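Please have the structure open as you read.

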Amino acid sequence: MSPLSSAAFEQLKEKIPYVRLGTFPTPVERLSGLENALQTAGLFIKRDDKSSEQYGGNKVRKLEFILADALAKKKKHTITFGYAGSNHSLAVAVFAKRVGLAPISLHIPQPNAEYVRKNLLFQEFLGTELHPYNNMLSIYVGTILVFIKCTLKTGRFPYVIPPGGSNVLGVMGMVGAVLELQEQVARGLIPEPDLLYVPLGSCGTAAGIALGMKALGWKTKVRAVRVSERKGSDFRTARELFNKTAGRLTKLLPSFPSVDLGEGDFEVYENYLGEGYAHFTVKGMEAVRRLAESDGVTLEGTYSGKAMAALIDDAREGKLAGKNTLFWNTYNSVDFGSKIEGIDFRRLPRQYHAYFTEDDQPLAARAGKERA
Ligand SMILES: *Cc1c(COP(=O)(O)O)cnc(C)c1O
């Protein structure tokens with residue numbers, strides 16, 4: 001028996017601020033359609049797309065610790081960052097509002113697709129303060145100005161959440177996800193995975209999953225598929241988050257073992273990014289289409305499609321033979337279309353309007369209108 005259990009995680013929630021935001025456990029399922037299509041066995045999926053009835057995906061677990069910390073610090077506003085279509089900034093807006101905080105999102109440009117428009121309109125619907133910038137330099141300067149303005153207006157520093165929610169608190173949420181998974185394994189719902197496929201953005205998700213698995217003594221190999229060209233989407237960053245979070249957890253939980261992340265445990269896949277962040281790829285969109293057809297699971301082109309493309313290639317090359325493979329679905333699958341119907345994009349700051357008046361990137365059409 002492993003010394004670490006979900007009971008330990010329950011202890012953690014009493015030692016540091018925690019607020020329940022999601023609906024857990026998220027289901028685990030067999031991808032039998034894809035198994036058939038690829039003539040392989042042992043393919044499973046963790047449905048973190050269903051982590052909330054309001055807005056699911058991988059950010060929910062991270063925000064349970066992050067927003068609780070903001071509340072404990074008596075903050076009134078959150079500030080966070082991302083590309084214009086950022087799922088993270090939307091998740092922060094949804095759950096900040098839920099717990100009574102006022103969200104502020106700062107964005108830089110990205111390739112156009114339907115989900116960008118939807119995410120922006122949902123943030124507008126939620127009353128998010130939106131700030132578009134043209135490049136990294138202007139968002140740095142903008143952050144300082146928005147921070148100062150908010151502080152002067154409210155007499156309080158806003159709570160700053162890093163891109164992707166990838167800090168120690170966010171990673172802790174993902175460690176909890178693995179303890180949840182361990183219970184599902186113990187109940188026989190799925191086997192302990194030999195291989196784990198997940199997209200690698202700001203690294204918190206993959207680092208937390210790797211940490212949880214290591215702490216359980218699992219031998220699972222994490223295959224993290226890089227979806228961003230930015231510095232900070234690499235093994236080094238993942239290991240740093242892993243180590244910092246492990247350090248904090250060792251202090252908080254007596255039963256938390258001493259663990260380390262080796263290159264052999266955590267492989268970063270470099271070949272699925274394509275032209276860059278949020279640039280859809282032929283392989284990625286093919287993977288999106290395949291999984292919709294085979295198992296009725298909706299992925300997208302920026303993150304999860306690229307990770308699934310890596311899994312499919314590996315299956316074709318026989319690299320999954322005899323293994324149990326788990327795909328971690330990080331993308332929200334809750335349809336919020338009815339909430340944003342009838343919201344006029346002209347209510348958004350002008351710099352966002354181009355996403356509504358200009359064409360999508362060429363491969364977007366392959367996703368089908370709804371799931372671009
Ligand atoms: C944010 C996000 C990721 C990346 O997770 P990180 O923790 O930033 O690596 C993956 N998939 C989806 C759908 C996301 O929104």
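1. How many bridges join S3 to strand S4 (residues 102-108), and do they run parallel or antiparallel? The two strands run parallel, and 7 bridges join them. Tyr83 of this pair stands opposite Ile108 in S4. Strands here are DSSP runs of E with at least two residues, helices are runs of H or I with at least four, and both are numbered from the N terminus; two strands pair if DSSP finds at least two bridges between them.

2. A word on the basis: this is a predicted model, in which local features need pLDDT of at least 70 and side-chain atom pairs count only at pLDDT 80 or more, while totals for chains, interfaces and linings use all residues. Residues are numbered from 1 along each chain as its sequence is written, and side-chain values use heavy atoms, with hydrogens and water left out.

3. Staying with strand S3 (residues 77-83), 7 of its 7 residues are buried (under 20% relative accessible area with a 1.4 Å probe, protein chains only; exposed is over 50%, partly exposed in between). From S3 the chain crosses through helix H4 (residues 87-98) to S4, a right-handed β-α-β crossover; that is, with the strands pointing away from the viewer, the path from the first strand over the helix to the second runs clockwise. S3 also pairs with strand S6 (residues 159-161), in the parallel sense over 3 bridges, and there Thr78 has Tyr159 as its bridge partner.

4. Now for the open sheet: 6 strands form it in the order S1-S2-S10-S7-S8-S9, with mixed pairing. Strand S1 (28-30) and strand S9 (266-269) stand at the edges with a single partner strand each, so one side of each has no neighbour in the sheet. On average, neighbouring strands are turned by 25° against each other, direction ignored. Helix H8 (residues 204-215) packs on this sheet and touches strand S7 (195-200), strand S8 (221-226), S9 and strand S10 (325-328), its direction making about 155° with that of S7. Contact means heavy atoms within 4.5 Å; axes are lines fitted to C-alpha atoms, for helices over the stretch in contact, and angles run from 0 to 180 degrees between N-to-C directions.

5. S1 and strand S2 (residues 43-46) are antiparallel over 3 bridges, with Val28 opposite Lys46 in S2. S8 and S9 run parallel, joined by 4 bridges, and Ala224 has Val268 in S9 as its bridge partner. The chain gets from S8 to S9 through helix H9 (residues 235-252), and this β-α-β crossover is right-handed.

6. Please check three backbone spots in the loops. The peptide bond from Phe24 to Pro25 is cis, with omega near 0°, and Pro25 lies between helix H1 (6-15) and S1. Gln39, between helix H2 (32-38) and S2, has a positive phi near 55° without being a glycine. Cys203, in the loop between S7 and H8, also has a positive phi, about 85°, although it is not a glycine.

7. Finally, the overall picture: the protein has 13 helices and 10 strands, and 61% of its 372 residues count as buried. Its C-alpha trace spans about 55 × 50 × 35 Å along the principal axes.
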